[in-house]
There are 2 protein chains.
Amino acid sequence: MTHRFIPPHDEDAPGSLDRRGRRHLAKRSRIIENAWALARRDGLAGISLRDLADSVDLRQPSLYAYFESKLGLYDAMFEEGQRQLLARSLARERLPDPRDELVAIVEDLVRFSSEDTVRHQLLFQRTIPGFEPSEVAMEPAREFVDLMTERLRAARIDGPGDVDLFSAIVSGLAHQQVANDPGGDRWVRLARRVVEAFVADVDRRADRSSKQRTTRRSLKT
Amino acid sequence: MTHRFIPPHDEDAPGSLDRRGRRHLAKRSRIIENAWALARRDGLAGISLRDLADSVDLRQPSLYAYFESKLGLYDAMFEEGQRQLLARSLARERLPDPRDELVAIVEDLVRFSSEDTVRHQLLFQRTIPGFEPSEVAMEPAREFVDLMTERLRAARIDGPGDVDLFSAIVSGLAHQQVANDPGGDRWVRLARRVVEAFVADVDRRADRSSKQRTTRRSLKT
DNA sequence: GTCTATATTCGGATAGAC
DNA sequence: GTCTATCCGAATATAGAC
């Protein structure tokens, strides 16, 4: 079962939208926007559909014209948050040095998380009981992972465990930043150092294994 | 305002407890134990005081003899979780090599988190709206930080940012382990590597700054 | 699409007797 | 300390008219 709500409409071209459909989506966006504001005020799980409806001058039951349930609302918020993250990464101009690029991405990510604690909570922690993002909502997340993987490959980081380790480092920085210095930059500032240490480790391991190969070969000949 | 509940009792020695006090504490412990079980089933925020009371054969209002409110219950759970973590770290025999000791601690920590997701949630993520641990509940957490700091110093890790970076790395491993491979060891296995990379980075920076000092000195003389 | 009205359930917390 | 009884509020969700 999915949380997504497909509003009923009957245009001829399924891809584009008529005036009604556009208005519908615009209002839906506004609702989501206000939902974020409420979440920042009352906590993510604390969003009340009544308050949300009030904030857009609707009665509470009318929200069901836009979302099939409260979980459907979370799903929409999740998707929007993931799109924001992806959009930000794509917007920034790519740096020539792949390692500088990694540093920039990590800084971006940590800042992105610390900008908005509840967004970080919805996107990266599983805190809403019963909520699991739908396939559609996960799509931008998948694209982002692809992008990250590509950037890591460009810096010659693709060994087994490398990506796991990198993801752990980034999520750790983000988490500490959000938890202990929200809005600040205490862990953002560590991005360069951590990337350099990580890259040095990857290099060191590559050296060691290539030396091992050389040794083995020289033993044979 | 604190969430802790000091049960009224009138013994002569304030430190020790009479029979009644001991029974009270024992039952309180049992309640907390069941609260963890419910949290694992329904989520942390999903604990219902009615269900909890049922599970210990009490009526719901009777719980207020043990906790002043639901937040007080969370506070007790938080304190207990922190004590478990501290107890585990103290129980393990200390390794002679301070870096091996660091590896062991990190593995411990990541395993501790992944053993029990909701405990990890309560202890390390701020997910319950309105809940902030009381001073008393934070006490074992402080002790744990002291212990960690001491272990890091033993490995000559005490530079500015070193502890921040280390904490980020550990929490990142734990978070990824909990989120993506709960009960497994995909990130636990990275503990040794990550500690070694971290230590190498600290050494490298120490070398560099000592060389800088040497250069400056040789310029002077 | 939006409304009114309402169903339904459940939550935490309190009063006061025993 | 434990109970019964109850309060009070809040929540999501549905039915059906317009």
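**Entry 1: ground rules.** I count residues from 1 along each chain as its sequence is written, with chains lettered from A and ligands numbered from 1 in the order in which they are written. Because the model is predicted, local features need pLDDT of at least 70 and side-chain atom pairs pLDDT 80 or more, while totals for chains, interfaces and linings use all residues; side-chain values use heavy atoms, without hydrogens and water.

**Entry 2: DNA strand D.** I looked up the residues near the strand, meaning those with a heavy atom within 4 Å of it. I found 17 residues around DNA strand D. The closest are A:Gln60, A:Tyr64, B:His24, B:Ser62 and B:Tyr66. By type, this surface has 7 nonpolar, 5 polar and 5 charged residues. Here nonpolar is Ala, Val, Leu, Ile, Met, Phe, Trp, Tyr, Cys and Pro; charged is Asp, Glu, Lys and Arg; the others, Gly among them, are polar.

Which part of the strand meets the protein?

The side chain of B:His24 places an N or O atom 2.3 Å from one phosphate oxygen of DNA strand D. For A:Tyr64, a polar side-chain atom is 2.4 Å from a phosphate oxygen. A:Leu49 uses a polar backbone atom, at 3.2 Å. Helix H2 (49–55) of chain A and helix H1 (19–42) of chain B are the elements that give two or more residues to this surface. Helices are DSSP runs of H or I, at least four residues, numbered from the N terminus.

**Entry 3: salt bridges.** My criterion was a side-chain nitrogen of Lys or Arg within 4 Å of a carboxyl oxygen of Asp or Glu. That gives 44 salt bridges over all chains.

A:Glu79 and A:Arg83 pair at 3.0 Å, N to O. They sit 4 residues apart in helix H3 (residues 70–91) of chain A, so about one helical turn separates them. A:Glu79 is buried at 10%, and A:Arg83 is partly exposed at 41%.

A:Arg92 and A:Asp108 form a salt bridge at 3.3 Å, N to O. A:Arg92 is in the loop between H3 and helix H4 (98–115) and A:Asp108 is in H4, so the pair ties together parts 16 residues apart in sequence. A:Arg92 is partly exposed at 24%; A:Asp108 is buried at 17%. Through shared partners, one network joins A:Arg92, A:Arg94, A:Glu101, A:Asp108, A:Glu150 and A:Arg151.

B:Arg119 is buried at 7%.

**Entry 4: symmetry.** How is chain B related to chain A? A rotation of 180 degrees with 0.0 Å of shift along the axis superposes B on A, RMSD 0.1 Å. That is a two-fold axis relation. In chain B, the C-alpha nearest the axis belongs to B:Gly172, at 1.7 Å. The copies meet through the same surface, because 100% of the interface residues of chain B are also interface residues in chain A.

**Entry 5: A:Ser113.** I placed A:Ser113 in helix H4 of chain A. A:Ser113 is buried at 2%. Leaving out residues up to four places away in sequence, A:Ser113 touches A:His120, A:Phe124, A:Ala174 and A:Val178 (contact: heavy atoms within 4.5 Å).

Definitions and conventions:
A polar contact is a pair of N or O atoms within 3.5 Å; within protein, one must be able to donate a hydrogen and the other to accept it, and residues adjacent in sequence count only if both atoms are side-chain atoms. Buried means under 20% relative accessible area, exposed over 50%, partly exposed in between (1.4 Å probe, protein chains only). Copies are superposed by least squares on the C-alpha atoms of residues with pLDDT of at least 70 in both.
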